[in-house]
Amino acid sequence: MKQTTVSPSPRRVDVPSEFGRVVVIGGCGAIGADFVTAVAPFFDISVIDRDVEKVRLWRDRWAQYPALNVKDVSCSYEALRGADVVVVTIGTEGPEGVTRGSLFELIEQIASFLTDSQLVILRTTIDPGTTRRLMSIADTIAPSELDVVVAPERSLEGAVERELLTIPQLLGGPARAVDRAERFFSTMGVDVIRLPDWESAELAKLICNGYRYMSFQLANHFEMLASEYDCSYDAIRHAVQRDYPRAYGLSAAGLVGGPCLPKDTRMLSDATPDGMVDLAAAATAISDEYEAWVADRIERRLMGLRERTIGVLGMGFKAGSQDRRASRSIWLAERLAAGGAVVVELDGVEQARDVPMDCLVDVFGMTETGYLPTTRAGTPAAVYVIGVGWRSGPGSRDD
Ligand SMILES: NC(=O)c1ccc[n+]([C@@H]2O[C@H](COP(=O)([O-])OP(=O)(O)OC[C@H]3O[C@@H](n4cnc5c(N)ncnc54)[C@H](O)[C@@H]3O)[C@@H](O)[C@H]2O)c1
């Protein structure tokens, strides 16, 4: 479970009475807890989460900060009664990351607690058309005058608390709902960007993440292509970017995992109509191809994996993160172990220095400081750096 540190903002503002009480559903999740912490200096907050353990943990944590107006944290939807604003940050469910199902389930669970006057803000990532379908269900089981706005969470994992108050919020939906949501975010001094409908805001989030993921996979494609000609993509990238701003957007190649980018790109692929070129699916296919390419390359360089000791450095899903959700480093470690290697999982460069091994796979370029990290262990290990383009270090056999 994520160990967010709570840093309450000292700012207090006059809160309009229309936002007297805010309820966050899914408020103990990775995104929800940061959202609550960011907005709790401004509003009275009730948090609802169905995970009993997380509820206990966050109730204790928030209780230590009286400057945060977190009034109650529970598993009960009763807290929805009399709420002015309902914020939904529930997560994606299941191995394929389908959010839509869980939202439909949620509306059935909470319908009887909702009232006409409430503003509902959906921050969960959803595919285009989900809110409209949700509303057609709500029309029959919930009050008909609900104001629903899609305000997707665009922050990076771990950055919500900081970014919520600094990056503009995208708001999509009917004008009255968007007006109210704009006033809600303005209360905290947050800029908003209005979109004409729910679908635009739903798509906007998928496009943000799809764009990033596809850019990374394009880099992976270029790296595999360059290697076919015995060229280094990394060297080419640096060359074309020098004093040539048009190429600045070219990413480094590397493994891309985590709870959002691959999932949101799959959602974009699902949203692509039949008959239209599915670029999102191509990006996912490139990712699979690239990962197999990396694993095969390590195996070939080491002339087989059996009984080789391989360190994998950087086990989180991105550089500097301890969050292992959907980490491709874990996939790589398992893949190498399945081939017969002894795999040592390493989170920091310092750990790597003490472990004798045949090869160190530096997933995010953490050894870029220029020294061989295994010197203390006395073994001249090969260093394969993936995260900044494939590169072999001083001890490698064949580069
Ligand atoms: N993690 C990220 O970096 C990130 C970034 C931007 C957007 N998002 C999106 O934000 C959403 C939340 O992601 P997350 O990473 O916080 O997920 P998470 O799994 O960490 O948190 C979701 C929380 O919702 C709770 N929950 C689920 N269903 C519930 C229900 N019916 N009632 C009450 N509580 C319920 C869960 O117990 C959990 O605590 C997802 O749609 C995700 O795509 C995530």
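**Close-up views of a predicted model**

View 1. Strand 9 is largely enclosed by the rest of the structure, because four of its five residues are buried. Buried here means that 20 or more other C-beta atoms lie within 10 Å of a residue's own; 12 or fewer makes a residue exposed, anything in between partly exposed, and the C-beta atoms are placed from the backbone. Please keep in mind that this is a predicted model: local features need pLDDT of at least 70, side-chain atom pairs count only at pLDDT 80 or more, and totals for chains, interfaces and linings use all residues. Residues are numbered from 1 along each chain as its sequence is written. Helices (H or I, at least four residues) and strands (E, at least two) are DSSP runs, numbered from the N terminus. Strand 9 and strand 10 run parallel, joined by five bridges; two strands pair if DSSP finds at least two bridges between them. Look for Val312, whose bridge partner in strand 10 is Glu345.

**View 2. The whole protein chain, for orientation.** The protein chain holds twelve helices and 13 strands. Of its 399 residues, 42% are buried. Among contacts between residues at least 6 apart in sequence, 66% join residues at least 24 apart. Two residues are in contact if their C-beta atoms, placed from the backbone, lie within 7 Å.

**View 3. Strand 2 alongside strand 1.** Strand 2 (residues 44-48) is mostly covered, with four of its five residues buried. Five bridges pair it in the parallel sense with strand 1 (residues 21-25).

**View 4. The shell around the ligand.** There are 26 residues around the ligand, and Gly26, Gly29, Ile31, Gly91 and Glu157 come nearest. A residue is near a molecule or strand if its C-beta atom, placed from the backbone, lies within 6 Å of it. Helix 1 (30-39) and helix 3 (100-110) are the elements that give two or more residues to this shell. Helix 1 gives the most, with three residues. By type, the shell divides into nine nonpolar, eleven polar and six charged residues. For this tally, Ala, Val, Leu, Ile, Met, Phe, Trp, Tyr, Cys and Pro count as nonpolar, Asp, Glu, Lys and Arg as charged, and the others, Gly among them, as polar.

**View 5. Helix 6 and its buried side.** Helix 6 (residues 175-187) has 13 residues and reaches 18 Å from its first C-alpha to its last, close to the 18 Å expected at 1.5 Å a residue. That expected span is 1.5 Å times one less than the number of residues. Ala177, Val178, Arg180, Ala181 and Phe184 are buried in helix 6. They cover an arc of only 160 degrees around the axis, which puts them on the same side of helix 6. The arc is that of the directions from the helix axis to the C-beta atoms. On the other side of helix 6, Ala175 and Arg176 are exposed. The cover over the buried residues includes strand 4 (85-88), strand 5 (119-122), strand 6 (147-150), strand 7 (169-172) and strand 8 (192-195). After helix 6 comes Gly189, with a positive phi near 75 degrees.

**View 6. Helix 11, seen down its axis.** In helix 11 (residues 328-338), the buried residues are Arg328, Ser329, Leu332, Ala333, Arg335 and Leu336. These fall within an arc of 165 degrees, so they line one face of the helix. Glu334 and Ala338 are exposed on the face of helix 11 turned away from its buried side. Among the elements covering the buried residues are helix 10 (279-301) and strand 11 (359-362). Gly340, which follows helix 11, has a positive phi near 105 degrees.

**View 7. Helix 9 and its packing partners.** Eight of the ten residues of helix 9 (residues 261-270) are buried, among them Lys263, Asp264 and Arg266. The buried residues of helix 9 pack against helix 7 and helix 10.

**View 8. Two loop residues with positive phi.** Asp230 is not a glycine, yet its phi is positive, about 55 degrees. Asp230 lies in the loop between helix 7 and helix 8 (233-241) and is exposed, with 6 other C-beta atoms within 10 Å. Met303, also a residue other than glycine, has a positive phi near 55 degrees. Met303 sits in the loop between helix 10 and strand 9 and counts as exposed, with 10 C-beta neighbours inside 10 Å.
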